[in-house]
Amino acid sequence: MKFSIKMVAAAVAFAAGGAAFAQSTFDKINSSGKVVVGVRESSAPMAYAIGSNQSFGGYHVELCERVLKEIAPKAKIEYMALTAQNTMPLVQNGTVDIGCGPTTNNLSRQKQVAFAVTTYVSQVRAAVRADSNITSVKQLDGKNVAASAGTTAVQLLRKFAKDNSINLPTTLGKDHFESFMLLESGRADAFVLDDNLLAGVIANSANPAGFKIVGEALGSEPIALLFRKDDPAFKKAVDDSLAKMMKSGELAKVYDKWFMQPIPPKGQALNLPMSDALKKLLQEPNDKPLEAYADQ
């Protein structure tokens, strides 16, 4: 069973009220016989809708499915499509049991939810048209920049503008497809987002050769699966399952499938090799937040 973004409005309202969820995640899964997995519709290759029947796939979706097969093998999986804006409240109040989108682990979000060990380290960069002369974010001074509402790229753009005394007028799209359309249509000179997501959007666009990723990284961000706070048994089960995949080399194979091999729907390969930072994390798993990376 799948839920569209329109179907979560009531759940968001419930979350906004701050209602507490009494059951542990395992108790909830066992009593209902299902586990609700939060996904995205336009965040390839991490989590995205594939095909007209709205099945979901991606690096983080597959990791979630593999974890759940081990820790809750009898539970039926239901997918709920989320946005960057409603992910936190829907995970926080227990509507979603585990979030499998491209969510950055930071201290602010840790006040609302808990994160698994990091399974991706992204670099926030800019996508521009292939014929553009822009090679640095500083060259976007006074130009229109697209970003997706609710993403950490928005805050990083503001900080970069302040630190470099430049003006970066930012137009927010409701999701990555809408943000990319701003660039594609010429209404924005750049689209700023995690490098892996930029590569996914470009690969699935009408003209993949028409765009390129450029410029300095505005920041490195730890990306992880997420779930409700104060449920140590569920966190330990997820972390242990992921650590087992890291140690066995299974996680590296899942990474290769989604980042180095052709992926649906167009059969385009992103050709993003695993970073040294992620290779290190596979050897020494941790759930450190973004701020720990900033301090390095």
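These legends go with several close-up views of one predicted model.

Before you start, know that the model is predicted, so local features need pLDDT of at least 70, side-chain atom pairs count only at pLDDT 80 or more, and totals for chains, interfaces and linings use all residues. Residues are numbered from 1 along each chain as its sequence is written, and side-chain values use heavy atoms, with hydrogens and water left out.

**View A. A salt bridge between E62 and K257**. Helices here are DSSP runs of H or I with at least four residues, strands are runs of E with at least two, and both are numbered from the N terminus. Is E62 buried or exposed? E62 counts as buried because its relative accessibility is 10%, while K257, at 40%, counts as partly exposed. (Buried means under 20% relative accessible area, exposed means over 50%, and partly exposed is in between, using a 1.4 Å probe and protein chains only.) The pair also belongs to a salt-bridge network that links E62, R66, E250 and K257.

**View B. Salt bridges E70–K244 and K235–D239**. How many salt bridges does a search of the whole structure find? The search turns up twelve, and here are two of them. In the E70–K244 salt bridge, the closest N and O atoms are 2.6 Å apart. This pair links distant parts of the chain, with E70 in helix α3 and K244 in helix α9 (residues 232-248), 174 residues apart. E70 counts as partly exposed because its relative accessibility is 40%. Now look at K235 and D239, whose side chains meet in a salt bridge with an N to O distance of 2.8 Å. Both of these residues lie in helix α9, four residues apart, which is about one turn of the helix. K235 and D239 are both buried.

**View C. The disulfide between C64 and C100**. A disulfide is a covalent bond between the sulfur atoms of two cysteines. For this model, the rule is a pair of cysteine sulfur atoms within 2.5 Å. The whole structure has one disulfide, and it joins C64 to C100 with an S to S distance of 1.8 Å. The link runs between distant parts of the chain: C64 is in helix α3 and C100 is in the loop between β7 and α5, 36 residues apart.

**View D. N106 and its surroundings**. Where is N106? N106 is in the loop between β7 (98-99) and α5 (107-110). At 10% relative accessibility, N106 counts as buried. A polar atom of the N106 side chain lies 2.7 Å from the backbone nitrogen of R109. Leaving aside neighbours within four places in sequence, N106 is in contact (heavy atoms within 4.5 Å) with F115, T152, P289, L290 and E291.

**View E. V154 in helix α6**. Helix α6 covers residues 152-163, and V154 is part of it. V154 is buried, with a relative accessible area of 7%. Which residues does V154 touch, leaving aside its neighbours within four places in sequence? V154 is in contact with A147, S148 and L172. For scale, V154 and G94 are 60 residues apart in sequence and 27 Å apart in space, C-alpha to C-alpha.

Notes. A polar contact is a pair of N or O atoms within 3.5 Å; within protein, one must be able to donate a hydrogen and the other to accept it, and residues adjacent in sequence count only if both atoms are side-chain atoms. A salt bridge is a side-chain nitrogen of Lys or Arg within 4 Å of a carboxyl oxygen of Asp or Glu.
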